[in-house]
Amino acid sequence: MVNQFAFPKKNTGLQALFGGTFDPIHYGHLRPVQALAKQVGLQKVLLLPNHVPPHRPQPEASPSQRLEMVKLAIQGNPLFTIDTRELEKNSPSYTIETLTELRQEKGSTQPLAFIIGQDSLLSINTWHGWDKILDNCHLLVCSRPGYATQFTDPKMQAWLSQHKTAQPEKLRSTPHGYIFLGDTPLINISATEIRQKLIAGDSCRDLIPEAVLQYIHQQGLYQR
Ligand code: ATP
């Protein structure tokens with residue numbers, strides 16, 4: 001597998017990554033990120049499928065099936081491309097390791113962003129090396145229905161307030177360090193719900209791109 005995109009050394013504006021298990025990729029991933037891209041002026045979003053550590057619940061689809069579904073989901077959409085670096089490694093990488101690697105590739109001055117959903121923001125302090133993330137990139141957050149808009153822990157809320165910006169220009173003019181809470185559509189979809197619906201034989205037509213759905217059926221994925 002070859003990375004389909006390499007970060008150029010010269011400044012090409014704000015570039016953003018969006019990591020996920022994508023088991024499978026769905027409209028709850030794609031639509032909020034497309035809205036976010038408009039809000040902050042992202043030219044490209046690199047989807048970064050994760051290599052899941054063995055001690056965590058394993059994805060039902062294999063790494064190559066998850067990658068294929070991501071490819072099918074973004075075909076013909078110029079906003080998205082794929083970075084396969086985590087899938088190519090023999091062992092899972094922590095997000096902070098990937099971000100540090102990307103920061104080294106880009107140099108110290110180019111802006112870089114990592115996109116997460118509101119649920120991931122609320123649990124970010126459980127991530128290994130989470131307090132170094134903003135040393136490498138900005139965080140762009142998509143709203144997600146059913147999740148609080150504030151941390152319950154006052155220390156985490158203070159961390160958010162300290163780094164929050166509502167000005168997209170700041171994301172482009174500084175290399176890292178800000179958190180931008182996007183005003184993105186609330187899409188009540190999760191991969192867990194999709195897997196359950198597929199097992200139950202329910203329709204997922206409005207939840208995932210048609211090409212992904214066809215692939216799932218063709219491969220016999222998410223059936224018990
Ligand atoms: P699962 O149900 O298997 O846990 P998921 O649907 O949450 O999966 P992931 O691949 O784990 O999908 O998520 C990758 C990223 O996408 C995370 O940052 C998550 O917060 C975000 N995300 C997933 N679904 C949504 C959604 N409906 N709205 C906003 N963000 C989302």
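View 1. H26 counts as buried because its relative accessibility is 3% (buried means under 20% relative accessible area, exposed over 50%, partly exposed in between, with a 1.4 Å probe and protein chains only). The model is predicted: local features need pLDDT of at least 70 and side-chain atom pairs pLDDT 80 or more, whereas totals for chains, interfaces and linings use all residues. Residues are numbered from 1 along each chain as its sequence is written, and side-chain values use heavy atoms, without hydrogens and water. H26 is placed in the loop between β1 and α1 (helices, H or I, of at least four residues and strands, E, of at least two are DSSP runs numbered from the N terminus). The H26 side chain reaches the backbone nitrogen of A191 at 3.4 Å.

**View 2. Residues around the ligand.** The ligand has 20 residues around it, and H26, D119, I187, A191 and T192 come nearest (a residue is near if one of its heavy atoms lies within 4 Å). By class, this shell holds 6 nonpolar, 11 polar and 3 charged residues (Ala, Val, Leu, Ile, Met, Phe, Trp, Tyr, Cys and Pro count as nonpolar, Asp, Glu, Lys and Arg as charged, and the others, Gly among them, as polar).

**View 3. Side chains at ligand oxygen atoms.** An N or O atom in the side chain of H29 is 2.9 Å from an oxygen atom of the ligand. For R144, the distance from a side-chain N or O atom to a ligand oxygen is 3.1 Å. A polar side-chain atom of R195 also lies 3.1 Å from an oxygen atom of the ligand. Taken alone, the ligand exposes 610 Å², of which the protein buries 85% (Shrake-Rupley method, 1.4 Å probe). Two or more residues of the shell come from each of β1 (15-20), α1 (27-40), β4 (112-117), α5 (118-122) and α8 (191-200).

View 4. The peptide bond from D23 to P24 is cis, with omega near 5 degrees. F22 is not a glycine, yet has a positive phi of about 55 degrees. Most residues other than glycine have a negative phi, and most peptide bonds are trans. F22 is buried, because its relative accessible area is 2%.

**View 5. Y222 in the segment after α9.** Y222 lies in the segment after α9 (210-219). Although Y222 is not a glycine, its phi is positive, at about 55 degrees. With 2% relative accessibility, Y222 counts as buried.

Definitions and conventions: Polar contact = N/O pair within 3.5 Å; in protein donor to acceptor, adjacent residues only side chain to side chain.
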